[in-house]
Amino acid sequence: TQAPVNVTVTGAAGQIGYALLFRIASGQLLGADTPVRLRLLEIPQAVSAAEGTALELEDGAFSLLDGVDIFDDAKRAFEGCNVALLVGARPRTKGMERGDLLEANGGIFKPQGEAINAGAAADVKVLVVGNPANTNALIAQAHAPDVPAGRFTAMTRLDHNRALAQLSGKLNTPVSQIKKLTIWGNHSATQYPDVFHAEAAGRNVAEAINDEKWLAEEFIPRVAKRGAEIIEARGASSAASAASAAIDHMHTWVNGTSSDDWTSMAIPSDGSYGVPEGLISSFPVRCSGGNYEIVQGLEINEFSRPRIDASVNELVEERDAVRKLGLV
Ligand code: NAX
């Protein structure tokens, strides 16, 4: 049998953590042959709640779960870490300006980047879920100079999955039959879900829908504002669907995309599609052998170009703001 893989989860006592940990323990993150050791990071006030979750994990009697360790110190939590899921973040509270939010999150993601740099395993893969996810990933990456930059990614898979589900309903086609969808840009209201290269049961999705008004006025805002719709209905933000998307993101990164499809991941730009190099922006990505690459050569039409640019410009502004704060 394989040696256990160390999976560090931050914000483990939060609502996404609660949904995520059981999926990891059951083998859905890395596969049914891979034992896992969970390393949970929380702030001191939430350690007791994390311990409670650890008791429940024990009660799950998961055959793949090698153990659970709980920390309130980032340096220790990331020791030997192979997979890092950075979920804990500082939410925006009333009256908080964007600068305050970025600064508060800098106080979390800078030391976590340093801890990953100091102690993580050579093969570490990092997914940032905590918002503002793209820029938090940029901050962590900036403080981990010895880790290849491309190991820092941020989550747009929930947006991708939300878009798949909307298209499935619209076209009355199972989600499994919808391929080559792309989320571009920032995980925020400016994100752009692009259907122009997507296929539904082999047909081009944009042609099958043949309704740019629906795309512009219903589909795109529905996907971008789905988080708010969930809060309105549930009285709490998306949790299980976010956890599910985090599992999908990492599972795809490790196990690959199928040859007739790709996925969406926010990754450091190499300048492709006019996205400034170094920004952590969402792209169409193919994964294989634990690596990923941006899908090249897609034609960006007049509908898509300004929408991609708007989201990328927001990322530039966020990067400039954290630069000014000395965080990157
Ligand atoms: P919760 O508030 O339920 O949990 C967050 C947890 O993080 C808390 O237990 C808190 O104690 C912990 N935490 C705070 N600072 C920490 C630190 N320095 N080290 C370790 N733990 C720390 O939030 P939850 O609903 O679980 O959401 C977590 C994050 O995911 C939020 O930032 C949220 O905005 C973000 N989301 C991102 C999504 C995405 O698609 N990228 C979608 C879902 C979600 O909104």
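Where is Asn 131 found? Asn 131 sits in the loop between β5 and α5; helices (H or I, at least four residues) and strands (E, at least two) are DSSP runs, numbered from the N terminus.

## Before we start

This is a predicted model, in which local features need pLDDT of at least 70 and side-chain atom pairs count only at pLDDT 80 or more, while totals for chains, interfaces and linings use all residues. Residues are numbered from 1 along each chain as its sequence is written.

## Two domains

Let's begin with the overall layout. The chain is divided into domain 1 (5-154) and domain 2 (157-318), with bounds that come from an automatic or database domain assignment. Taken over C-alpha atoms, the centres of domain 1 and domain 2 are separated by 23 Å.

Where the domains touch, 26 residues come from domain 1 and 24 residues from domain 2. Here, two residues are in contact if their C-beta atoms, placed from the backbone, lie within 7 Å. On the side of domain 1 that touches domain 2, the elements giving two or more residues are α1 (15-25), β4 (83-86), β5 (125-128), α5 (133-142) and β6 (152-154). The residues of that side are 17 nonpolar, seven polar and two charged. In this scheme Ala, Val, Leu, Ile, Met, Phe, Trp, Tyr, Cys and Pro count as nonpolar, Asp, Glu, Lys and Arg as charged, and the others, Gly among them, as polar.

## Around the ligand

Now look at the ligand. It lies between domain 1 (5-154) and domain 2 (157-318), because both give residues to the shell around the ligand. That shell has 27 residues, and the closest are Gly 11, Gly 14, Ile 16, Gly 88 and Ala 89; a residue belongs if its C-beta atom, placed from the backbone, lies within 6 Å of the molecule. The shell divides into 15 nonpolar, 11 polar and one charged.

The largest share of the shell, three residues, comes from α1. In α1, Ile 16, Gly 17, Leu 20, Leu 21, Ile 24 and Ala 25 are buried (20 or more other C-beta atoms within 10 Å of a residue's own; exposed means 12 or fewer, and partly exposed is in between, with C-beta atoms placed from the backbone). Among the elements covering them are β1 (5-10), β2 (36-41) and α10 (240-255).

## Sites listed in UniProt

An unreviewed UniProt entry lists His 187 for "active site"; positions follow the numbering used here, feature names are shortened, and annotations may be inferred rather than shown by experiment. His 187 lies in the loop between β8 (182-184) and β9 (192-194). Because 30 other C-beta atoms lie within 10 Å, His 187 is buried. Gln 191 has its place in the loop between β8 and β9 and is buried, with 27 other C-beta atoms within 10 Å. Although Gln 191 and Ser 282 are 91 residues apart along the chain, their C-alpha atoms are separated by 8.5 Å.

The "binding site" annotation (unreviewed entry) in UniProt covers Arg 92, Arg 98, Asn 131 and Arg 162. These are spread over 71 residues of sequence and also in space, up to 25.8 Å between C-alpha atoms. Arg 98 is in helix α4 (residues 98-119) and is partly exposed, with 13 other C-beta atoms within 10 Å. Asn 131 counts as buried because it has 20 C-beta neighbours inside 10 Å.
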